[in-house]
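Reader: Could you walk me through this model, with the cut-offs spelled out as we go?
Author: Gladly, let's look at it together.

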Amino acid sequence: MKFRRYLRDSGRVLAFVFVASVIWLLFDMAALRLSINDVNSQLLKEQVIRERELARLQSRGTQVVAHGGFRNAGRRVDPGVTRAWVRARNKVEQVYRHKGEDRKTESQRDNSMSVGSKREDKGGPQVDDINAKQDAPGKKTPVDLDLNVTLTVKTQVSSGVPKNSPTTKKTLQTAHEVRGHPEEDSRKKVKGGLIKDKEEVNPVKAAHSEPSKKDVKEEERKKPKENQVRTNADRNLTIATEPLKPAVRRQAAGNSSPGVHKVLSLDITHSPRDPNAIGQFGQAAFVASSENAEVKKKWDEGHFNVYLSDKIPVDRAIPDTRPETCSGNLVHDDLPSTSVIFCFVDEVWSTLLRSVHSVLNRSPPHLLKEIILVDDFSTKDYLKEPLDKYMSQFPKVRIIRLKKRQGLIRARLAGAAVAKGEVLTFLDSHIECNVGWLEPLLERVYLDRKKVPCPVIEVISDKDMSYMMVDNFQRGVFKWPLVFSWGPVPLEELKKSNLKVTDPIRCPVMAGGLFSIDKNYFYELGAYDPGLDVWGGENMEISFKIWMCGGEIEIIPCSRVGHIFRGRNPYKFPKDRQKTVERNLARVAEVWLDEYKDLFYGHGYHHLLDKKVIDIGNLTEQIELRKRLKCKSFKWYLDNVFPDMVAPLVKAEGLVFNRGLRKCLALEKGSLAFDTCDLSKQSQHFNYTWLRTIQQQGLCVALQHSGSSFGLLPCDNTKPELHWSHKSPSSSLEEHLIAESVSRWSCLEGEPQGESLRLSPCESRNAFQKWQFTNYYAQS
């Protein structure tokens, strides 16, 4: 009876809801179990297919390239899914590295280099590799190859190679895919490199001798031969160590013109990479909680996770983050050579080495003339003899040591002065270049020597050292007062230009740390302004100079370089940091901004107008350079290069209306008065400038006789009696005109009786102290 009582009315409804919920939960659990089983079955199926494929590749003597599957930075890899892949790859590596070694002498092993390569094309299957050559001759048969597949070469130099002796031969392991077209190939030569040269130089001045003429390019002799490869698992291809030209593969009819080839995606290492190494493939790395104290202790050495960086291999693999079609892009065979210039002071050992290795590993040898390390008077012991000793194993690396601290700008000038390459490539000393990074930059210079290409700068986390992608269609811009920032390409420009993800992007301002430029053109532009100190503003100066003097700056989406963005500079400035940057920016503003320099000073740099506060140096040479180069105006730059930049020449303009008198300020017979407001009268039109002056026809409203009267004086931005604060958002006197030359808060007031002007203590509710301009373009 009691139980039935509970099932009456609302109790019956509650019971029904409870039973229905239980049934629904049971169905939901069953569906979830089926879904999990389906997922597990699919994963198991994929794993079985992958293992079969790897077994097939192993039986044919192939080597799986480790990072080929990484297309997105920061992508996490499921260990369960990839465990079989890693095991199979390690086995293949052992077969590749040890098969046939018992038939080699020890000296032969020391002078051999194992080089891996891979072909890849969007939508095409991975192709087979050819193993290291063995002594026993094998039967050779012609193989049909698809000539449209992109060639991606990956080389690995065995650890047994002597560091200071030239290597006589390299074994090229080339991947081929049988598709039904006969291939003709020729032997390629590998260049040994430059002799290392360590120099000491004095600070470089602005004057530079006439740049040397470009090296004469040698034409490649092509002797097509029918490609012969072995039918067994030990097929091979050997190349001698002589000058290497681009690995050009003949394209199918109609796909390319003579003298071009697909971008080479090289990745060279001195020894096989450990796939289980910390931070490998650009993955996030972590340390145990017990090591946090060490992390904090070493953080200040570089203002990033130095402790973790030191644990990561200096030649680690990183994900190929280029857009899919970049690997198939064509570049010319006779691209100019480049000198890569790193400037550093007290840089962290591991990041400096990782920067250098990434250039050596992923740059075509015939295009990399040299790497110049400019030491800006570092104090760390490890950057002296230990660095010399380490870099001595790389013939193309030169170290230039400055005798005193010069700063980034003059250090770059020092590196450029001794560079032998046709193109200068400036890089920061805490970066990692991605595969295929160099040729797209040099291609733009090849097409037009006045183009200055920059790579897409991706992010290496300062905390976990992971390699992360950035959004597409980003460009460098600036905000007032000349502060660099990143911004998206405007939607209107995307539609107008029909930009694809791989197209070069017009860049109003470069970030400054990473770019390539024709060496002769660099000096034709006057290089960097030698009057700039240490660091700051040099990217603005060279960007305005390039654009306004006939050049172009571009961001190249198919060139990618990772960069560690640090919270602040770990090194000290010879002088005060803020004053150094302010002085540099003031030089840039005075030389290049024309009348728009008022926007720079009006955004918090009024004090720089006082020459007693700061001396920006002599500008005569830079102004004459601009005239000699016949550079365009800054207005042209805003209209044609950066049209979406908001840059009004005044903060407000029009009639100056007094709320109490209901009349407007007017200029009558050289003095100020009030009159009935009339937009057609020019005598009533005033400008409120960025330098906080009330101006009309070159005359400014000024206090006279200690504030007892007012008049008009020739505008002089250094005179405090001409400055009036107006529309300050943080003030309750937003509509007032506050005299800046008076110690107490005094405001401009319209006198009710005589309709004249006077200076009175500010009152927030006094309508006679409230003024309104017709048009406002900025509120602060």
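**Helix, hairpin and core**

Reader: Before we start, which pLDDT do local features need?
Author: This is a predicted model, in which side-chain atom pairs count only at pLDDT 80 or more, totals for chains, interfaces and linings use all residues, and local features need pLDDT of at least 70. Residues are numbered from 1 along each chain as its sequence is written, and side-chain values use heavy atoms, with hydrogens and water left out.

Reader: Thanks! What percentage of the protein's residues is buried?
Author: Here, buried means under 20% relative accessible area, exposed means over 50%, and partly exposed lies in between, with a 1.4 Å probe and protein chains only. Out of 780 residues in the protein, the buried share is 51%.

Reader: How many strands does the protein have?
Author: Helices (H or I, at least four residues) and strands (E, at least two) are DSSP runs, numbered from the N terminus. By that count there are 17 helices, and the strands number 35.

Reader: Why are the buried residues of helix H5 on the same side?
Author: H5 spans residues 292-302, and Val295, Lys298 and Gly302 are buried in it. They lie on the same side of H5 because, going by the directions from the helix axis to the C-beta atoms, they cover an arc of only 90°.

Reader: Which exposed residues sit on the face turned away, and which helix is included in the cover?
Author: The face of H5 turned away from its buried side carries Ala293, Lys296, Lys297 and Asp300, which are exposed. As for the buried residues of H5, what covers them includes helix H6 (306-309).

Reader: In the hairpin of S27 and S28, which residue takes a positive phi?
Author: Strands pair here if DSSP finds at least two bridges between them. S27 (residues 686-689) pairs with S24 (residues 650-658) in the antiparallel sense over four bridges, while two bridges join S27 to S28 (residues 694-696), also antiparallel. Four residues lie between the strands of the S27 and S28 hairpin, and the one with a positive phi, near 65°, is Arg692.

Reader: Which residues touch the most other members of the largest nonpolar core?
Author: A nonpolar core is a set of buried Ala, Val, Leu, Ile, Met, Phe, Trp, Tyr and Cys residues joined through side-chain atoms within 4.5 Å. The largest has 76 residues, and those touching the most other members are Phe478, Phe522, Phe544, Phe600 and Tyr637.

Reader: And how many residues are in the second, separate core?
Author: Among its members are Val331, Leu442, Ile457 and Leu514. The size of this second core is 34 residues.

Technical notes:
Contact means heavy atoms within 4.5 Å.
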